Amino acid sequence: MTRRKQGGPGGGAPAEPRKADLLVQHGVVLTMDGERRVFRDGAVAVAGGVILEVGPAARLQAAYRAARVIDARGGVVQPGFVDSHVHLSHHLDRGMIPDVWPESREHEHWLPYWRALTPRDAYLSALLACLEMLRNGTTTFSDMSGRHAVETRVRAVREVGLRGAVTEICWDLPPHPSVGIGGTRACVRALERIVDAYPRKPGSLVWGAVNFSGMGRATDKLIVAAKALARSRGLTMAMHQSFGRRDVAAFGQRGARSAIAHLHDLGVLGPDLALVHMIHVDAREAELLRRTGTHVIHCPGASVRTGMGASRHGRFPEMLRRGINVALGSDSGNYSDFLDVGRQAYLAATVHREAKGEMPTISAHQALEMATRNGARALGLGDEIGSLEPGKRADLVIHGRGRPEWHPMGDVVNTLVYSAQSVGVDTCIVEGRVVLEGGRSTLVDEEEILARVDRAAHRLYRRMGWTTPSPWPVT
Ligand SMILES: [Zn+2]
């Protein structure tokens, strides 16, 4: 990308050009708006962190006098990716779970990890996760299960310059969270403190979320109280659900007809609830989701990494056909192992057709919708982000096309989803501020962060007595 200060008026316009802070011009602009308009030689004008106009470059150049111009010539401009489900505190243990690790033993890994993690580790984990998302073109995310005070994550999000919802680890059933917040009342009080300390307002860059583990580790009382809290603050609540047969069975033990029917009976389904994973869902449950407008967060990377069966058992293509809003999440450092929504979109567009033997089950175009506008809706931000439209917050990504994966470019969306994914993300803009430029953070020293992360992880593993797992002799 080339950049310059614009000294004079745009020229050629009959009326006086309007002032703008930023004009991104000459890129292929994927608006992801209601009509999914694409401008081959497009531009986006921004002022005060908000999009003023999107359209042909020639028209916007004439209409605006911008303090800064980014020439995206040859590049592709899209709304920032939305990662609808991540765990900021689960990034220092990446690569430490061996391939053979049954679901029933997972707590043997993560409970000791949670216990050993210091507040400084939690901050560095969040910093690493945010940096990785930034480099991969994610501008907005939703966190679940952060360890230690939420301030550790708020600081990291602000330093890297992303937009995101953060929370603290919270559940009230065994295995008891002696490592975090335990007990129903304590969980609700903690969530209340978080959402009041960091309230969400239009344009918020960081806010407290009512997100908690679920997975059969939350009582009905906690689920209902948390949902009431989310509603009272105008927030969307998120929880894991129906990932494995074990957490579905947990609802059976409560005498429920089905997990989703039980949540419906509790009165918590609705457009202000996002359920994460949702692999083991039957047709009647899917219909309940559709009727209530409940969102689904599909994490294909987490499922294929751990063999949970999203493509074998999941109904994600069917859910989309029914009109359920399905978004994408990367989950954590030891499930998908990467925070990259572009890669998640590739998986969403491919694994289901492989398992079901039909094409297309989820198209590349649908996958890109899941990674942008569907994610925005699932986070309750559909009016603010997820597409490039006047009045929306100026969160956008520019893909440079200086890599082989981007050539030749037939259909731009096919090329983006199947070939390029997030490879070659050059620029990220959040709330009108350039936070990634030339593929590098403009705000933090990336090398220093990576070195600090490696040192912290080494100390952490030593405290835990962990050794790096390998089936090969490593000397
Ligand atoms: Zn998760």
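Trainee: Where do I start: into which domains is the protein divided?

Mentor: The protein splits into domain 1 (2-79 + 388-441) and domain 2 (81-378). Keep in mind that this is a predicted model. The C-alpha centres of the two domains lie 30 Å apart.

Trainee: How many residues does each domain bring to the contact?

Mentor: Domain 1 puts in 22 residues and domain 2 puts in 27 residues. On the domain 1 side, the elements giving two or more residues are β6, α16 (412-420), β19 and β20 (433-437). Of these, α16 gives the most, with 5 residues. Sorted by class, that side of domain 1 has 12 nonpolar, 6 polar and 4 charged residues.

Trainee: Now the inside. Which residues of the largest nonpolar core touch the most other members?

Mentor: That core has 153 residues, and Val44, Cys130 and Ala345 touch the most other members. Helix α3 (residues 119-135) supplies the largest share, 11 residues. The core also takes at least three residues from each of domain 1 and domain 2.

Trainee: Let me zoom in on one of them. What is alanine 345 in contact with, leaving aside neighbours within four places in sequence?

Mentor: Look for Leu328, Ala367, Leu368, Met370, Ala371 and Val417 around alanine 345.

Trainee: On to strands. How do strands of a sheet pair?

Mentor: They pair through backbone hydrogen bonds, either parallel or antiparallel. Take β18 here: strand β6 (residues 76-79) pairs with β18 in the antiparallel sense over 4 bridges, and valine 76 sits opposite histidine 399 in β18. Strand β19 (residues 425-430) also pairs with β18 in the antiparallel sense, over 4 bridges. There, isoleucine 398 faces threonine 427 in β19.

Trainee: And what about the two faces of strand β18: which residues cover them?

Mentor: General idea to begin with: side chains in a regular strand alternate between the two faces of the sheet. In β18 (residues 396-399), Leu396 and Ile398 are on one side and Val397 and His399 on the other, and all are buried.

Trainee: What is the strand order in the open sheet of 5 strands?

Mentor: The order is β13-β14-β15-β16-β17, and the pairing is parallel. At the edges stand β13 (211-214) and β17 (326-328); each has a single partner strand, so one side of each has no neighbour in the sheet. From one strand to the next, the twist averages 25 degrees. Inside this order, strand β15 (residues 273-277) and strand β16 (residues 295-298) run parallel and are joined by 3 bridges. Valine 276 has isoleucine 297 in β16 as its bridge partner.

Trainee: Last topic, the backbone. What do most phi values and peptide bonds look like?

Mentor: Most residues other than glycine have a negative phi, and most peptide bonds are trans. Now for some exceptions. Histidine 277, in strand β15, has phi near 90 degrees, a positive value in a residue other than glycine. Aspartate 337, in the loop between β17 and α13 (341-356), has phi near 80 degrees, also positive.

Trainee: Is histidine 277 buried or exposed?

Mentor: Count other C-beta atoms within 10 Å: 20 or more means buried. Histidine 277 has 28, so it is buried. Aspartate 337 has 18 within 10 Å and is therefore partly exposed.

Trainee: Which peptide bond is cis, with omega near -15 degrees?

Mentor: The one from histidine 407 to proline 408. To find it, go to the loop between β18 and α16, where proline 408 lies.

Technical notes. Residues are numbered from 1 along each chain as its sequence is written. This is a predicted model: local features need pLDDT of at least 70, side-chain atom pairs count only at pLDDT 80 or more; totals for chains, interfaces and linings use all residues. A nonpolar core is a set of buried Ala, Val, Leu, Ile, Met, Phe, Trp, Tyr and Cys residues joined through C-beta atoms within 7 Å. A residue is buried if 20 or more other C-beta atoms lie within 10 Å of its own, exposed if 12 or fewer, and partly exposed in between; C-beta atoms are placed from the backbone. Domain bounds come from an automatic or database domain assignment. Two residues are in contact if their C-beta atoms, placed from the backbone, lie within 7 Å. Two strands pair if DSSP finds at least two bridges between them. Axes are lines fitted to C-alpha atoms, for helices over the stretch in contact, and angles run from 0 to 180 degrees between N-to-C directions. Ala, Val, Leu, Ile, Met, Phe, Trp, Tyr, Cys and Pro count as nonpolar, Asp, Glu, Lys and Arg as charged, and the others, Gly among them, as polar.
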